[in-house]
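Here's a quick briefing to read with the model open beside you. Have a look at the sequence and the fold, then work through the topics below.

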Amino acid sequence: MNAPTTRRLTVAQALVEFLAHQYTERDGRRHRLISACWGIFGHGNVAGIGQALLESGDALPYLQGRNEQAMVHAAVGYARQCDRLSAQAVTTSIGPGATNLVTGAALATVNRLPVLLLPGDVFATRSADPVLQQLEVPSAGDVSVNDALRPVSRYFDRVTRPEALIPAALQAVRVLADPVDTGAVTLALPQDVQAEAYDWPEEFFADRVWRVARPAPDAGALAEAVHAIREARRPLLIAGGGVHHSEAEEALRAFADATGIPVASTQAGKGSLRHDHPADVGGIGHTGTATADALAREADLVIGVGTRYTDFTTASSTLFAAPGVRFVNLNIAPFDAHKLGAASLVADARAGLEALTGALSGHRVAAAYEAGYRAAKEEWERRVDAAYGAADDSVRPSQTQVLGALDGIVDDTDVIINAAGSLPGDLHKLWRARSRRQYHLEYGYSCMGYEIPAAIGVRLAAPDRPVWALVGDGTYLMNPTEIVTAVQEGVNITVVLIQNHGYASIGGLSEATGGERFGTAYRFRAGDGTYTGAPLPVDLAANAASLGMDVLRAATVGELRAALVKARGANRPTCVYVETETADTVPGAPDAQAWWDVPVAETATRPAAVAAREAYDRHAAGRRRHL
């Protein structure tokens, strides 16, 4: 018998070679599981993973970032655009390079999106101890800063011996390819082990296909769900991000067409139906439409498809108010399928919707119910038109008028990216999503600084689609550095930079909770110690230009429309800068249609806080547990 064939490589070289041969497959279509590796090099990865990536050439392409957190955001944007079937890796040095990954890792895991993290680590042999940037824990010699990644990773391992890479790498890609378990996966790589050579079995480097199945619902659970839907008089379906991940939009449309059941959407699920579909009633929850939230309050059955039921969706457990309301949850993850005491359908979203549609043949909601929500939808669209409209083209635009101008030029191919500030609320209420991946809101972690790097990731995944990063001044100041990456790599994104001189969202929340907008404005400190003076003389447009972007300044609604059209046709990274009108006399987005629980001081001396607590107690009385 011939001896098994082996190849002598370092641990880093073997890992890169292994990753280049991993694939996912769903519906007969194959995808590279790890398409590229982002990296910032320092001690701990420059002579290990860095050398291996250089040697691998195009087998695993390298992408250069400027900020470790931003590299994770870019990889997450890429994975979401690829429906979680393809992902990217991120490598960093030890110390601050590694700890900078934590926020991005949490974002990936919260949103159930795959990313592979490869931080360097201290010497496994402890031949140099302590090394530069090493955290010394007197009570535990085996702890490094990478252990901070454990709670935000779906899988974590530290490869302290070459032979340990084989099971660790296999487990890592298993989790990345699993739609139930996916999220951030961390393989901590001690810098001495990265450079150590080993005789690897050739089988380790063979092409490996991870098939992403579409599990069908259990027959008994399906029958229970069908019975509940047939008995319901006011059913409402909530589409979450799982609809997109499963590519279940057509199945959802067929379900809505057949049954007439209205469809509301979470931030992650918006666009599951086109905005002009008769059954689409828009966003739900604290940032939802009046149409969707009114339906939710009266619903006797809520059908959740691919949703986690966050507090924004449930209005902090106050939205689903009808006596005896019940839930049916279709989700590939049992953890989510069982929420709210639901009858659970643990299945792929597409397979589950197709099964429900088939089993409900001939069933449709009452004509009066359907006519009622369609009329409410039309009324809401008139409110959207009012928020988008401007008196004339010569005025300074409000934030909602910025969205209206953008709405007027995009088509089905554009992708709109946002994550934090006041924009998510306006977008969820107002944006008219035209295609399945047009609306890209990261609102599971709502991380400031996500938008620009995520836009790069989306554009890498979809190079033929116009990609817009909508960014407020607060978010921009958190993380503008990947503009340089977009310029260097020729990744053609457009940043719409909205200047409103402060944290608009938190300012409004502060006012509503008795905080009187304390610490939320970008202004000079006044004589009494408050920040109520003139706006700061900060020129963010000049900053974007200094980082290499073409910048178009727009002072009026008319100039804004022209700048957006020009930016959409540009062939290099471009920024449209606009200062918005914030006066109370300018129409904005409709107020929140549902509550959100942000606890208010139970005792206070300032009248604003006392009044806010009284309002809080009134709203909180409506909370309920669905069991």
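Predicted model: local features only at pLDDT ≥ 70, side-chain atom pairs only at ≥ 80, totals over all residues.

Residues are numbered from 1 along each chain as its sequence is written, and side-chain values use heavy atoms, with hydrogens and water left out. Helices (H or I, at least four residues) and strands (E, at least two) are DSSP runs numbered from the N terminus.

**Nonpolar cores**

- The largest nonpolar core has 52 residues, and Leu237, Ile284, Phe320 and Leu353 touch the most other members.
- Helix H8 (residues 219–231) supplies the largest share of this core, five residues.
- Another core lies apart from it, with 49 residues, among them Ala36, Leu107, Ile483 and Ile493.
- A core here is a set of buried Ala, Val, Leu, Ile, Met, Phe, Trp, Tyr and Cys residues joined through side-chain atoms within 4.5 Å; buried means under 20% relative accessible area, exposed over 50%, and partly exposed in between (1.4 Å probe, protein chains only).
- Leaving aside neighbours within four places in sequence, leucine 237 has contacts (heavy atoms within 4.5 Å) that include Leu252, Phe255, Ile303 and Leu353.

- In helix H10 (residues 249–259), the buried residues are Glu249, Ala251, Leu252, Phe255, Ala256 and Thr259.
- Seen down the axis of H10, these buried residues fall within an arc of 160°, so they line one face of the helix; the arc is that of the directions from the helix axis to the C-beta atoms.
- The cover over the buried residues of H10 includes strand S12 (235–239), helix H9 (241–245), strand S13 (263–265), strand S15 (301–305) and helix H14 (349–359).
- Just after H10 comes glycine 260, with a positive phi of about 75°.
- Helix H5 (residues 102–110) buries Gly104, Ala105, Ala106, Leu107, Ala108 and Thr109, and what covers them includes H3, strand S7 (115–121) and strand S9 (184–190).

**Arginine 80, buried without a partner**

- Arginine 80 sits in helix H3 (residues 68–81).
- Arginine 80 is buried yet has no salt bridge, and the nearest side chain of opposite charge, glutamate 442, is 6.8 Å away. For charges, Lys and Arg count as positive and Asp and Glu as negative, with His and the chain ends not counted.
- The side chain of arginine 80 does reach backbone oxygens: that of leucine 441 at 2.8 Å and that of tyrosine 439, which lies 3.4 Å from a polar atom of the side chain.

**Salt bridges**

- The whole structure holds 40 salt bridges, each a side-chain nitrogen of Lys or Arg within 4 Å of a carboxyl oxygen of Asp or Glu.
- Aspartate 336 and arginine 112 pair up at 2.6 Å, N to O. This pair links distant parts of the chain, 224 residues apart, with aspartate 336 in helix H13 (residues 334–337) and arginine 112 in the loop between H5 and S7.
- Aspartate 336 is buried, at 2% relative accessibility.
- Arginine 253 and aspartate 257 form a salt bridge at 2.7 Å, N to O; being four residues apart in helix H10, they are separated by about one helical turn.
- Arginine 253 is partly exposed at 33%, and aspartate 257 is partly exposed at 37%.
- Arginine 432 bridges to aspartate 407, with the closest N and O atoms 4.0 Å apart. Arginine 432 is buried at 12% relative accessible area, and aspartate 407 is buried at 11%.
- Glu381, Asp385, Asp407, Arg432 and Arg434 are linked in a network of salt bridges.

- A cis peptide bond joins aspartate 129 and proline 130, with omega about 0°; proline 130 is in the loop between S7 and strand S8 (155–158).
- Arginine 112 follows H5 and has a positive phi near 55° in a residue other than glycine.
- Serine 317 also isn't a glycine but has a positive phi of about 65°. Serine 317 lies in the loop between helix H12 (311–314) and strand S16 (326–331) and is partly exposed at 32% relative accessibility.

Terms used
Polar contact = N/O pair within 3.5 Å; in protein donor to acceptor, adjacent residues only side chain to side chain.
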